Amino acid sequence: MNTKNNKRRRESVEKIEKAFVRLLQSTELKKISVADICKETGLNRSTFYANYLDIYDLADRLRHRLETEFSQLFADYDYFNERSGVLKMFAHIKENQLFYTTYFKLCYDESHKISIYDPRRAEAEHIDRNIHYHIEFFRSGLNTIIKMWLADGCKESPEEMAEILRSEYRGR
């Protein structure tokens, strides 16, 4: 019986996700088909559809898992010690470039952003008016910096990237 968490099903899901990530590195999400994944994995379409509704369901579930992993990484983040947190973030990104490149490719609607922003930071700096604009500005800028760094192969060190971010924010 193919129960939800049996070994065979877990192995099939893992194969599907790995194939999807590989395909995503060279093909736009909207051009990846279930047939492409089945060809890549050697699995039947019925196996794919037993686990996912369609390609976008696979993308959403994978993106959600990546977001969960990222938030667990920063569960103990000290928002008032920005040096250690930002450095930790950039070091993790550099060590896991495929993970983050894939995550951003899965954000096909651009509404998902990596963010370690805590409103307590805004309170400490007395930003209370229009805080939602401030937070979105910070989150969008951070995501753009990360995307640019990934696209360039993470040439700068995590320390250099932390200093770039710190110097941009220092003007506050």
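1. Along the sequence the chain reads α-α-α-α-α-α-α-α-α. The chain has nine helices and zero strands, where helices (H or I, at least four residues) and strands (E, at least two) are DSSP runs numbered from the N terminus.

2. The model is predicted: local features need pLDDT of at least 70, side-chain atom pairs count only at pLDDT 80 or more, and totals for chains, interfaces and linings use all residues. Residues are numbered from 1 along each chain as its sequence is written, and side-chain values use heavy atoms, with hydrogens and water left out.

3. Of the chain's 172 residues, 38% count as buried; buried means under 20% relative accessible area, exposed over 50%, and partly exposed in between (1.4 Å probe, protein chains only). The accessible surface of the chain is about 10,500 Å², and carbon and sulfur atoms account for 51% of that surface. These areas come from the Shrake-Rupley method with a 1.4 Å probe; for residues, only the protein chains shown count as cover.

4. Contacts in the chain between residues at least 6 apart in sequence include 65% that join residues at least 24 apart. Contact means heavy atoms within 4.5 Å.

5. Two packed helices are described by the angle between their axes and the distance between the axes. For α4 and α6 the angle is about 130° and the axes are 10 Å apart, which makes α4 oblique to α6. Axes are lines fitted to C-alpha atoms, for helices over the stretch in contact, and angles run from 0 to 180 degrees between N-to-C directions. Angles under 35 degrees count as roughly parallel, over 145 as roughly antiparallel, 65 to 115 as roughly perpendicular and the rest as oblique.

6. The crossing of α4 past α6 is left-handed, a term for a near helix turned anticlockwise from the far one by less than a right angle, with clockwise giving right-handed. On the α4 side the contact is made by A59, L62, R63, L66, E67, E69, F70 and L73, and on the α6 side by F99, Y100, T102, Y103 and L106. By class, the residues of this α4 contact with α6 are nine nonpolar, one polar and three charged. Ala, Val, Leu, Ile, Met, Phe, Trp, Tyr, Cys and Pro count as nonpolar, Asp, Glu, Lys and Arg as charged, and the others, Gly among them, as polar.

7. R63 lies in helix α4 (residues 55-73) and is buried, at a relative accessible area of 8%. R63 and F104 are 41 residues apart in sequence, and their C-alpha atoms are 8.7 Å apart.

8. Helix α6 (residues 97-106) and helix α8 (residues 131-151) have axes that come within 11 Å and cross at roughly 125°. That makes α6 oblique to α8. The crossing of α6 past α8 is left-handed. Q97, Y100, T101 and F104 of α6 meet N143, I146, K147 and L150 of α8. This contact of α6 with α8 has four nonpolar, three polar and one charged residues.

9. K88 sits in helix α5 (residues 82-95) and is partly exposed, at 32% relative accessibility. K88 and A162 are 74 residues apart in sequence and 9.1 Å apart in space, C-alpha to C-alpha.

10. Most residues other than glycine have a negative phi. C154, a residue other than glycine, has a positive phi near 55°. C154 is in the loop between α8 and α9 (158-169) and counts as buried at 2% relative accessibility.
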